[in-house]
Amino acid sequence: MSGTDAGFYYAEGENTPMHVGSVAVFEGPAPSYGDVVRLLLGKLSEVPRYRQRPVRMPMNLGRPLWVDDPHFQILYHIRHTAVPKPGSEEQVRNLAGRVLGQRLDLSKPLWELWLVEGLADGRWAMINKVHHAMVDGVAGTDLMQLIFDLTPDARQPEPKAWVPRRPPSAASMVFETVADAVAWPMRQALAAPSAIAGLRSPQNLLRRGGVLGGAMLAAGRQMLTPVAPTLNGAIGPHRRWAWTQTTVEDVRRVRKAFGGSMNDVVLAAITGGFRDLLAARGQLAPGRVVRTMVPVSIRRQAERGALNNQVSAVFVDLPVSEPKAKARLDSVRAQMDAHKRTLSAYDPRSVPGLVDLVPAGLLAAGVRTLLRADQPWLQAITTNVPGPPVPLYVLGRRMESLYAYVPIGGGVRTSIGIFSYRDTISFGINVDFDAVPEVDVLADGICRGMEDLVKAAERADAVADGSGSPNRQRPVRKTRSGPPRTRSSAPLNSSKPTR
């Protein structure tokens with residue numbers, strides 16, 4: 001494993017499952033369980049990692065290794081279940097919450113796929129779980145090529161014979177770890193002259209120094225900015241999960257009116273959601289922000305499809321105390337533009353690479369300590385993964401929608417996975433069960449935040465064309481919120497298995 005992958009692996013704990021996931025809903029009729037098994041068997045040869053399990057080094061002398069699982073059984077990893085017909089969205093969410101809330105078995109290949117039947121209108125769903133040590137968001141999107149097709153009549157490959165390789169002995173693992181620990185710094189030293197050559201120009205040194213100096217000042221200001229205290233704290237073993245959505249058309253309309261990126265717009269909409277949540281709690285103080293970590297892919301085009309993590313991260317203060325949607329977007333955009341200048345001033349790949357220099361035992365202890373620490377600095381994780389703008393199919397059935405699941409941990413009680421597909425952008429909201437019972441307020445607030453941005457864009461357009469007022473009729477959009485608030489409902493990762 002790379003240092004980043006190992007960090008996600010070490011982060012796994014009793015109350016912090018570290019898998020990413022999704023729920024995809026399809027047109028009917030549902031395929032048979034056997035058809036799904038044969039589909040996966042025909043494609044597993046493209047991703048050997050799906051037949052491998054993690055093995056820890058003796059005494060944590062090195063980072064964990066991926067080795068072939070000699071007892072791999074695909075029937076264990078592909079599950080079959082159903083909701084009572086006709087299954088409602090609430091029933092599907094509750095089922096998905098229980099499945100996604102349960103930890104993966106770390107002694108086996110770190111993935112599961114659930115075939116879910118019984119949805120209304122003859123539809124069906126797939127629930128997917130993959131440990132974060134295997135994939136980042138972009139790699140996870142590439143993995144969709146395993147089971148998704150661009151046409152409904154695509155031919156499926158036949159299953160191929162597979163013979164697991166013998167696992168390495170403990171002695172050979174220790175030897176390879178020591179050899180790699182010695183060789184890695186030497187490779188970095190050999191590469192240093194070419195990296196230093198790019199800094200010889202006084203203009204480059206001045207530019208990079210100015211950008212990084214500005215970034216340090218911004219980080220200092222963040223340390224002094226008041227944040228929402230109740231969004232941090234201890235995390236229990238149970239989860240609430242909700243989803244909502246908006247349209248690509250609306251996001252593009254706002255972007256066209258005010259500039260920035262699509263990611264800036266969705267972050268501004270999420271700001272509106274957190275504003276409503278804090279207002280409902282009576283905690284909307286002047287100047288208060290919700291600080292979110294925004295993962296940034298540093299994966300090169302040639303590395304797409306590689307099963308490892310190639311991510312860095314930036315930290316954005318969502319201006320929840322600002323009442324005007326346009327001003328919230330301006331603040332988010334200014335911060336993201338500053339982060340982009342910072343990332344352009346150095347190689348962002350060098351930061352995750354530094355983790356590879358940390359001894360495995362120290363890395364494991366450090367990750368566990370950070371996750372258990374009472375940190376008040378970070379309140380949320382928001383990750384945006386662009387999906388395909390064209391229809392996708394599985395066994396000839398068209399996918400209608402997909403909702404992403406992002407883990408929480410380290411005192412951060414809320415994560416939001418953003419995924420675009422065709423003309424829709426979805427928000428998958430994962431929260432601690434006890435700490436955020438009003439997850440539906442957050443989900444509704446994201447929709448309302450997007451509506452406010454669109455109205456502001458319409459007003460700007462009306463002023464620009466001289467009409468004076470917007471005249472477009474806004475469609476009513478459904479918010480797909482999470483499980484019921486009632487505490488009598490079962491926790492979302494109950495120890496009882498779902499059958």
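**Helix packing, cavities and backbone features**

Helix 8 crosses helix 13 with a left-handed sense. The model examined here is predicted. In it, helix 8 spans residues 248–258, and its axis lies 9 Å from that of helix 13. The angle between the two is about 45 degrees. Helix 8 and helix 13 are therefore oblique to each other. From helix 8, the residues that meet helix 13 are D250, V251, R253, V254, A257 and F258. Helix 13 answers with M450, L453, V454, A456, A457, E458, A460 and D461. Sorted by class, this contact has 10 nonpolar and 4 charged residues, and no polar ones.

Helix 13 also packs against helix 9. Helix 9 covers residues 262–280, and helix 13 covers residues 439–465. Their axes are 7 Å apart and meet at an angle of about 130 degrees. Helix 9 is therefore oblique to helix 13. The crossing of helix 9 past helix 13 is right-handed. On the helix 9 side, the contact is made by V265, A268, A269, I270, G272, G273, F274, D276, L277 and A280. On the helix 13 side, V441, L442, G445, I446, R448, G449, M450 and L453 take part. The class count for this contact is 12 nonpolar, 4 polar and 2 charged residues. M450 and L453 of helix 13 belong to the contact with helix 9, and these two residues also meet helix 8.

Two packed helices are described by the angle between their axes and the distance between the axes. For helix 8 and helix 9, the angle is about 105 degrees and the distance is 9 Å. Helix 8 and helix 9 are therefore roughly perpendicular to each other. Helix 8 contributes V248, V251, R252, V254 and R255 to the contact, while helix 9 contributes M262, V265 and V266. These residues divide into 6 nonpolar and 2 charged, with no polar ones. V251 and V254 of helix 8 take part here, and both also meet helix 13. V265 of helix 9 touches helix 8 and is listed in the contact with helix 13 too.

Empty space inside the model was examined next. Rolling a probe the size of a water molecule over the atoms shows where empty space is left. The structure holds 2 cavities of 30 Å³ or more. The largest cavity has a volume of about 60 Å³. Its lining consists of Q245, E400, S401, L402, Y403, F419, S420, Y421, T424 and S426. Strand 12 supplies the largest share, with 4 residues. By class, the lining has 4 nonpolar, 5 polar and 1 charged residues.

The second largest cavity has a volume of about 40 Å³. Y76, H77, L104, D105, K108, P109, L110, W111 and E112 line this cavity. Helix 3 (74–77) and strand 5 (111–119) are the elements that give two or more residues to its lining. The class count is 5 nonpolar, 1 polar and 3 charged residues.

P29 sits in the loop between strand 1 (19–26) and helix 2 (33–43). P86 belongs to strand 4, which spans residues 78–87. The remaining feature concerns D121. This residue has a positive phi of about 65 degrees, although it is not a glycine. D121 lies in the loop between strand 5 and strand 6 (124–131).

Note on methods
Residues are numbered from 1 along each chain as its sequence is written. This is a predicted model: local features need pLDDT of at least 70, side-chain atom pairs count only at pLDDT 80 or more; totals for chains, interfaces and linings use all residues. Side-chain values use heavy atoms; hydrogens and water are left out. Axes are lines fitted to C-alpha atoms, for helices over the stretch in contact, and angles run from 0 to 180 degrees between N-to-C directions. Angles under 35 degrees count as roughly parallel, over 145 as roughly antiparallel, 65 to 115 as roughly perpendicular and the rest as oblique. A crossing is left-handed if the near helix is turned anticlockwise from the far one by less than a right angle, and right-handed if clockwise. Contact means heavy atoms within 4.5 Å. Ala, Val, Leu, Ile, Met, Phe, Trp, Tyr, Cys and Pro count as nonpolar, Asp, Glu, Lys and Arg as charged, and the others, Gly among them, as polar. On a 1 Å grid over the protein atoms alone, a cavity is a set of points where a 1.4 Å probe fits but cannot get out, and a pocket is an open set with protein on both sides within 12 Å along at least five of seven lines; lining residues have an atom within 4 Å of a point. Grid points are joined across faces, edges and corners, and a volume is the space filled by probe spheres set on the points.
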